[in-house]
Amino acid sequence: MTATPLLTDLTTRAKARAHARPHPCPCGAATLTDRPDGTVVRHADTVAKAHAPDTAPTELTARLALAAHLPGILLSPLSPTPVDLHGRLVTFWPYGAPVDPEDPDAAPWEEAATLLARLHRTPAPPGLPPMRGPAKAARAIARLRATTPQPATEPVLRAWATLPAWARAQPPAAGTPAAGTAAPGAPAAGTAASATATPNPLDERALTTLCHGDLHLGQLVRHPAPDGPWLLIDVDDLGVGAPAWDLARPAAWYACGLLPPDEWTRFLAAYRTAGGPAVPADGDPWPALDVAARALTVQTAALAIVKATAADRPLDDVQQAVVDACARMGPVPPELAQGHAK
């Protein structure tokens, strides 16, 4: 990894922040992430993050304030205000122990689901920006369109075109009803009984629900490390929106055959037990999850193609699975054409 002025100075800031805290510093340091949309370094028990260049200061400050006020759900920042470094907004955090990727059996599915349910049940404070999940999906499609076309490109773009406007971060066209559809490979949904219980992702309450915006297992840490309670991290996409989006990634993985059924069942059951509002308390969850799960599948496939093309390599088996799921996406079922119960 090539050192840049940002990375060098971010490391220096993390060290200074760690040494300013009232306890001995063992001086362990590491670069955790260095990407155009985010650079993260660690010095002992302090983490410094340089956010994406287009991050809005007022929106990030609002998200930091929320994290500070939900200490049992979100990891609290060390400071409520970001600082500027080389034109990038920087925030400071305590270090938390992440999920161990080498021990999938210990993945905290129940804890993740419970934290999500608690987040979704928390009233959103005034002034919080929209959840950025759909905007990130739209950005992934923009990157795909800017990439040399591949055989896999066309089915992904075709699947994207079937999504309703809200899932593509666009306002609905005048006089056009919101559309819904079935998740790729998901259990059959759309009977009259299941549609009756479907939350409308476009109703006022749903779109003002407090959401994480980018939920996956990499967004959980134990704090204090190594054995503290699990907490959600990464506030960049936090905001108000449709809570189904936060369940969409594990739902899509399950629908694509990438998440074992027992793990999906554990996650869904824990979310329901904790009173999460994104799905009905019982019965078929898929009418509520269809559109968001499909959108996350398309986003994942788009980024897979972009990365494989940049590396001049074929798609691996997992990446091909999500592209194949996009290719299987059919027309919008009539019973979900309005995006809500009829």
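Predicted model: local features only at pLDDT ≥ 70, side-chain atom pairs only at ≥ 80, totals over all residues.
The second largest pocket is lined by 14 residues, and those nearest its centre are V99, P101, P104, A107 and L217. Rolling a probe the size of a water molecule over the atoms shows where empty space is left. For the second largest pocket, the volume comes to about 270 Å³. Its lining is made up of 10 nonpolar, 1 polar and 3 charged residues.

Next comes a sheet. Strands of a sheet pair through backbone hydrogen bonds, either parallel or antiparallel. Here 3 strands form an open sheet in the order 6-8-9, and the pairing is antiparallel. Strand 6 (97–98) and strand 9 (230–232) are the edge strands, each of them pairing on one side only. Between strand 6 and strand 8 (residues 220–222) there are 2 bridges, in the antiparallel sense. Within this part of the sheet, A97 stands opposite R222 of strand 8. Helix 3 (residues 109–121) packs on the sheet, where it touches strand 8 and strand 9. The direction of helix 3 makes about 50° with that of strand 9.

The last feature is a pair of helices. Two packed helices are described by the angle between their axes and the distance between the axes. For helix 4 (residues 133–145) and helix 5 (residues 153–161), the axes come within 11 Å and cross at roughly 145°. The crossing of helix 4 past helix 5 is left-handed. On the helix 4 side, A137, A138, I141, L144 and R145 make the contact, meeting T153, V156, L157 and W160 of helix 5. Sorted by class, this contact has 7 nonpolar, 1 polar and 1 charged residues.

Methods: Residues numbered from 1 in each chain as written. Heavy atoms only, no water. Axes fitted to C-alpha atoms, helices over the stretch in contact; angles between N-to-C directions. Helix = DSSP H or I, 4+ residues; strand = E, 2+ residues; numbered from the N terminus. Left-handed = near helix turned anticlockwise from the far one by under 90°. Contact = heavy atoms within 4.5 Å. Nonpolar A, V, L, I, M, F, W, Y, C, P; charged D, E, K, R; others polar. 1 Å grid on protein atoms, 1.4 Å probe; cavity = no way out; pocket = protein on both sides within 12 Å on 5 of 7 lines; lining within 4 Å. Points joined across faces, edges and corners; volume = space filled by probe spheres on them. Pairing = 2+ DSSP bridges.
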